[in-house]
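Subject: Structure handover

Hello,

Here is the structure for your files. My notes on it come after.

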Amino acid sequence: MKFIAGISSTTALLCLVSWQGAVQNNAVSAFVAPKVPTNTLTHLFPSNNDITNAMRLETALNAEAIKITMPALSSTMKEGRVVSWLKSEGDAIEAGEAIMVVESDKADMDVEAFEDGFLAKIITDEGETAEVGAVVALIAAEEADIEAVAAGGDAAPAPAAEEAAPAPAAEAPAAAAAPDFDFSQLDMPALSSTMKEGKVVSWLKGEGDAVEAGEAIMVVESDKADMDVEAFEDGFIAAIITDEGESAAVGTPVALIAANEADIPTLKAYAATLGGAPAAAAPAAAAPAAAAPKAAAPKAAAAPKAASAGGRVVASPLAKKMAEEMGVDLSTVAGSGPGGRITAGDVTKAASGGAPAKKAAAAPTKPKWQPAEGVVAATPTARALAKKAKLDLASIEGTGEFGRVTADDVKIATGEMKPKSKVAAPGAPAPVELPDGLVPFTGMQRAVSNNMVATLDCPVFRASREIEMDAFNALYQQVKPKGVTVSALLAKAVAKAIEKHPIVNSSFRPEGTFFNKDINIAMAVAIDGGLITPVLKYANERDVLELGENWKELVGKAKSGTLSPDEYNSGTFTISNMGMFGVAQFDAILPAGQGGILAVAGTQEHIVPCKQSVLGLKKISKMTVTLTCDHRQIYGADAALFLKTLNEVMMNPSQLL
């Protein structure tokens, strides 16, 4: 057998099969009508189109393609329009993940993927319409197969020849005539392109329960996954034909929904005649009109009604997106669309304050539905996530409607998501909205962070002491009217103590101890978004009035962000004061390049013995200070002597003036 150069053996074999099929077709045609073709050669060799189609068929054989078909979103839907694709070509998708939004004759609904894979090709673009069952996209099982699947999807399948009408079977018993009032039939939907039948996992509504359009009423197990099935019209569950745990072929009725509650008994009797048989075909034009269900009479325009059912909000995808962007709570918006569905216009009106307030929903009745024995109620996405995480759904507490396990419940169980805060009871204070997630550092915050990390290489020690504050407080009351602050007065006192112990004003160098002849006191100031240390230069040489004025100027610059580098990085010793916050005692981190930092806590009253007092006791004020030092050049005795001197200065503050 001779093959054509440049074509694989598989392609050549397919060409041969195509050519043999053509010869056989010609033989049949010749038998029926013995007319010989004028050009016999065209029937003996495959054409270029045959070769191309064969090569595409070879691609389809080598790369597994999963078809996404236009689903039947309602019992009356014939075609659907793709409103938007939630995934793009090449994107990875997971089972249970919404991939597109489809507009049917009833509502807009999300369509989920039934298998993991990669979106290889979008056949029906946004805004285009496709018939129910038509392929709208192709999914590749592996990322490497995307190009091959997309190329194979370009060749449209040849239209199937019309099948001959089947021979009439033996006459079946005549079906009961449909009731002459408004009702709808809920059929087993086709949840995937390969689904032939589905099993009812659980009914979320019982017979006699009211349902609203967009409300989930049952969970169906297909050959791919478990999915919620929603009602497309308002009404009442009149009869359940397929019970929990039972299976039904695609297109067969599983329940009947009555438009009026009074029609439930009649529909129950009618349901007994259906027996789960496939839905009857549309009657011929000559059939009596009475055989079809009576069309619902047009209803008078009604006021917008609430679009929620048991906490579920029915809204178009665009309305949901706009509500999220505008910060509108959809549960407070009254829908004006079909069945009370919230539209984009309703959200716009609600955001501008022009929408009517939604009436408070009546208190929900006790749920009648209970899952069948051994069945764990869970959403399809929750089942897929639990399977991937290898979790037993029975061990997860469901927070969804009727206690169903949701995707968030599974994510909380795996630690992927934090538990949601409980909603405050009516009349209780609203919960505090706390920040969540990563907030990037500002330039100042990053500088503080880097400086703190730089101190980790420095060996430090700490020493604490109580300081008597009565005399210092009395002096402060004298100079306060002149504009002197506690910070300025405290800086002066520390500078006077440093004069007698210059070692605490030094800094470490690899070669030895570096002494600073100037005493520049840096004072930590907390500002919006960070921390900065303005410096009071030559604090030991200047009087407290000058220091007070200088400190006010520095604080103003710090808050406005106009400090010059020399005004915040020239300190030789630092004070961190948190006494105004009532802190009893704390340690401060030593800044890089300095030998010591003093942490000043709040003043507290103490009862101490006193021989001069009538009762032998007196009340004094004390504060605790903690000195952190660089232990490479400053020793414990140096710190103790400095703190002793500081206490003496504070007890005799007249030397500060």
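This is a predicted model: local features need pLDDT of at least 70, side-chain atom pairs count only at pLDDT 80 or more; totals for chains, interfaces and linings use all residues.

Residues are numbered from 1 along each chain as its sequence is written, and side-chain values use heavy atoms, with hydrogens and water left out.

Helix packing

Two packed helices are described by the angle between their axes and the distance between the axes. Helices are DSSP runs (H or I, at least four residues) numbered from the N terminus. Axes are lines fitted to C-alpha atoms over the stretch in contact, and angles run from 0 to 180 degrees between N-to-C directions.

Helix α10 (residues 470-479) packs on α11 at an angle of about 130°, with the axes 11 Å apart. α10 is therefore oblique to α11 (under 35 degrees counts as roughly parallel, over 145 as roughly antiparallel, 65 to 115 as roughly perpendicular, and the rest as oblique). Their crossing is right-handed (the near helix is turned clockwise from the far one by less than a right angle). Phe 472, Leu 475, Tyr 476 and Val 479 of α10 meet Val 486, Leu 489 and Leu 490 of α11, where contact means heavy atoms within 4.5 Å. By class, this contact has 7 nonpolar, no polar and no charged residues (Ala, Val, Leu, Ile, Met, Phe, Trp, Tyr, Cys and Pro count as nonpolar, Asp, Glu, Lys and Arg as charged, and the others, Gly among them, as polar).

Helix α11 (residues 486-500) also packs against helix α12 (residues 544-560), at about 130° with axes 9 Å apart. The crossing of α11 and α12 is right-handed. Ser 487, Ala 488, Leu 489 and Lys 492 of α11 contact Val 544, Leu 547, Gly 548 and Trp 551 of α12; the classes are 5 nonpolar, 2 polar and 1 charged.

The axes of α11 and helix α13 (residues 636-651) come within 9 Å and cross at roughly 130°. α11 passes α13 in a right-handed crossing. Among the contact residues are Ala 493 and Ile 498 of α11 and Phe 642 and Val 649 of α13. That contact has 9 nonpolar, 1 polar and 1 charged residues.

Pocket

The second largest pocket has a volume of about 1,400 Å³ (the space filled by probe spheres set on grid points joined across faces, edges and corners). A pocket here is an open set of points on a 1 Å grid over the protein atoms alone, where a 1.4 Å probe fits, with protein on both sides within 12 Å along at least five of seven lines; lining residues have an atom within 4 Å of a point. Its lining has 50 residues, with Met 523, Ala 524, Val 525, Ile 532 and Thr 533 nearest the centre.

Regards

Definitions and conventions. Helices (H or I, at least four residues) and strands (E, at least two) are DSSP runs, numbered from the N terminus.
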